[in-house]
Amino acid sequence: MLSQISLQEKTALYLSGVNKSFDGFKAINNLNLMIAPGELRAIIGPNGAGKTTMMDLITGKIRPDSGEIYFRSAIDLTKHSEAEIANLGIGRKFQKPTVIETLTVFENLELALAGKRRVRDALLFRLDPQGRARIDEVFDTIGLDDRRHHLAGSLAHGQKQRLEIGMLLAQSPELLLVDEPAAGMTDEETETLSRLLKSIAGEHSVVVVEHDMEFIRSLDTTVTVLHEGTVIAEGPLAKVQQDQRVIEVYLGR
Amino acid sequence: MTSTVPLTKGGPLIVQLLREKSTSRFLMTLAALAILMPVLNLAVPQDSMFHVSTYTLTLLGKYLSYAMLALAVDLIWGYCGILSLGHGAFFALGGYAMGMYLMRQVGDRGVYGDPLLPDFMVFLNWSELPWFWLGFDQFWFAALMILLVPGTLAFAFGWLAFRSRVTGVYLSIITQALTYALMLAFFRNEMGFGGNNGLTDFKDILGFDLQSDATRNTLFVVTAVLLALAYVFCRWITTSKFGRVLVAVRDAESRTRFMGYRVEHYKLFVFVVSAVIAGIAGALYVPQVGIINPGEFSPINSIEIIIWVAIGGRGTLYGAVIGAFIVNYAKTYFTAAFPELWLFLLGGLFVVTTLYLPKGIKGLMDRLPVLRKTTLTEGA
């Protein structure tokens with residue numbers, strides 16, 4: 001299907017023939033995926049389809065057994081650590097909202113703010129006007145302005161999700177990986193989130209992993225269906241939903 | 001745990017720090033202690049009820065050095081979540097470096113009167129000074145070693161442990177093993193550190209008689225001043241962005257990595273700083289108590305430090321200092337009055353603190369209505 005992707009094309013993210021097994025269990029099986037710059041992509045799949053493993057592979061948390069993972073068509077991600085990959089411009093949002101609960105909302109964003117990450121830089125850090133302006137910009141996007149100096153731990157679930165996306169934005173990544181953002185959210189929160197993600201795409205490439213169909217529908221974008229660690233269908237949601245294999249493994253149940 | 005109070009006022013960070021209520025209050029208390037105690041000891045006549053004996057003064061000086069050790073542990077445990085159960089090792093190494101200097105100061109006044117060799121070496125029939133004792137006759141060299149030995153060990157240990165991402169209980173167990181291994185090593189006579197008996201029978205420091213009241217008072221004041229400096233330094237670290245990265249590592253380590261921070265570098269830096277502070281504390285402890293022996297490496301000592309910090313309130317720095325004072329005062333009292341009860345009491349204190357006072361005495365203070373107003377404005 002997609003195995004003939006050429007590296008010559010400009011891609012934000014490129015995975016080709018990626019394999020990863022855990023104790024003989026093939027979590028990722030000859031996975032091919034290509035995300036164009038500025039694209040918003042939804043990835044769905046039943047539990048155990050390998051969605052989170054894929055995220056772990058891209059962000060350098062684990063290494064593939066074989067296959068290629070390239071960022072911006074040129075950078076081999078399998079050769080970098082998590083921190084390096086983050087600094088290259090890939091931000092990751094976890095399934096469970098992980099913000100630093102004992103710091104304020106503002107401090108969370110300040111930590112995530114793009115900039116030098118060495119020990120010395122952190123010791124001598126003073127927030128400059130550009131940084132402050134960038135944080136204000138992020139507040140404009142995610143809301144939460146009235147919660148600026150509240151502890152992040154005091155936020156509601158949906159607010160934490162938004163803060164975490166804000167942290168990704170402050171990092172100014174080219175590519176955002178968002179893992180099941182709608183989990184545990186109210187309908188209203190889900191709607192806000194969907195609008196937020198759509199507004200981010202274009203400037204950034206965004207990959208959303210999700211299995212809430214309503215949420216996927218509201219994103220209104222290309223959908224990739226993952227099953228047993230491999231892509232079984234790709235296209236607009238309406239088309240994917242017609243696919244016989246997709247119905248079999250996922251939607252039909 | 002609201003460990004980071006945002007600093008909003010302008011000016012250099014150090015000025016902002018001194019303006020902070022908790023810091024200035026802490027420094028004032030320490031200054032008062034450093035001025036009052038020597039006055040009560042030296043200027044107030046012995047028969048006055050306000051007289052402070054040299055024994056009490058030295059005891060307080062010992063507590064001050066323990067407080068510094070607790071500060072070092074709180075810096076890594078309270079802020080970065082590194083539960084070191086071997087910090088006594090860095091304290092003892094600093095202490096040994098100071099002890100070696102003090103031994104060389106004895107000169108030919110030892111029991112055997114050897115101009116070069118400390119008594120225990122003469123006793124072991126050694127004919128020359130081992131190479132690692134060279135240079136310790138110079139104070140500047142010993143002072144350098146007080147910083148370098150604990151710092152280097154912490155760097156080597158931390159580099160291996162943090163790079164391999166050893167965390168949590170596994171890290172605690174290795175630190176415990178580290179101090180235990182050092183204890184066994186220092187117990188051996190062949191190591192050249194006085195074996196079982198350690199280093200003792202010191203005569204003077206920088207030419208001043210260690211037994212004299214003037215020297216004791218000076219040591220007390222020096223300890224207080226260094227504790228104040230260490231406190232301000234730790235406060236500077238924890239209120240900088242570096243401190244917020246530490247808190248992030250403590251609360252969500254992998255999140256911090258995905259934000260692009262090299263977590264192992266941050267941990268290594270703070271671990272080394274903490275070990276150096278512990279080493280200085282040990283070096284201040286030895287001339288005041290007059291002995292250093294391998295017992296200081298014992299794992300129980302390191303665990304006790306954790307109890308001081310937990311009881312005082314972790315992640316606040318001054319909580320650790322309060323904890324060190326209270327627990328050690330209680331220890332001094334109970335080991336004399338009811339020696340067989342002390343360990344039960346210590347264990348009981350720890351259990352009660354963990355169950356009912358998760359934020360320690362510092363947390364309790366925050367809840368008292370009298371003090372509430374000030375702490376609230378601090379946190380606002």
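Analyst: In this predicted model, β6(A) and strand β7 (residues 175-179) of chain A run parallel and are joined by four bridges. One residue pair to look for here is A:Gly91, whose bridge partner in β7(A) is A:Leu176. Helix α7 (residues 187-200) of chain A packs on the sheet, where it touches β7 as well as β3 (40-44) and β8 (205-209) of chain A. If you compare directions, that of the helix makes about 150 degrees with that of β8(A).

Stepping back to the whole sheet, you will find six strands of chain A in the order β6-β7-β8-β3-β9-β10. The sheet is open, and its pairing is mixed. At its edges lie β6 (90-93) and β10 (230-236) of chain A, each of which pairs on one side only. On average, neighbouring strands of this sheet are turned by 20 degrees against each other, direction ignored.

Strand β1 pairs with strand β4 (residues 66-71) of chain A in the antiparallel sense, over five bridges; in β4(A), A:Ser66 is the bridge partner of A:Asn19. Seven bridges also join β1(A) to strand β2 (residues 25-35) of chain A, again antiparallel. There, A:Phe22 has A:Phe25 in β2(A) as its bridge partner. The hairpin of β1(A) and β2(A) has two residues between the strands, and A:Asp23 takes a positive phi near 45 degrees in it.

Notes: Residues are numbered from 1 along each chain as its sequence is written. Chains are lettered from A and ligands numbered from 1 in the order in which they are written. This is a predicted model: local features need pLDDT of at least 70, side-chain atom pairs count only at pLDDT 80 or more; totals for chains, interfaces and linings use all residues. Two strands pair if DSSP finds at least two bridges between them. Axes are lines fitted to C-alpha atoms, for helices over the stretch in contact, and angles run from 0 to 180 degrees between N-to-C directions. Two residues are in contact if their C-beta atoms, placed from the backbone, lie within 7 Å.
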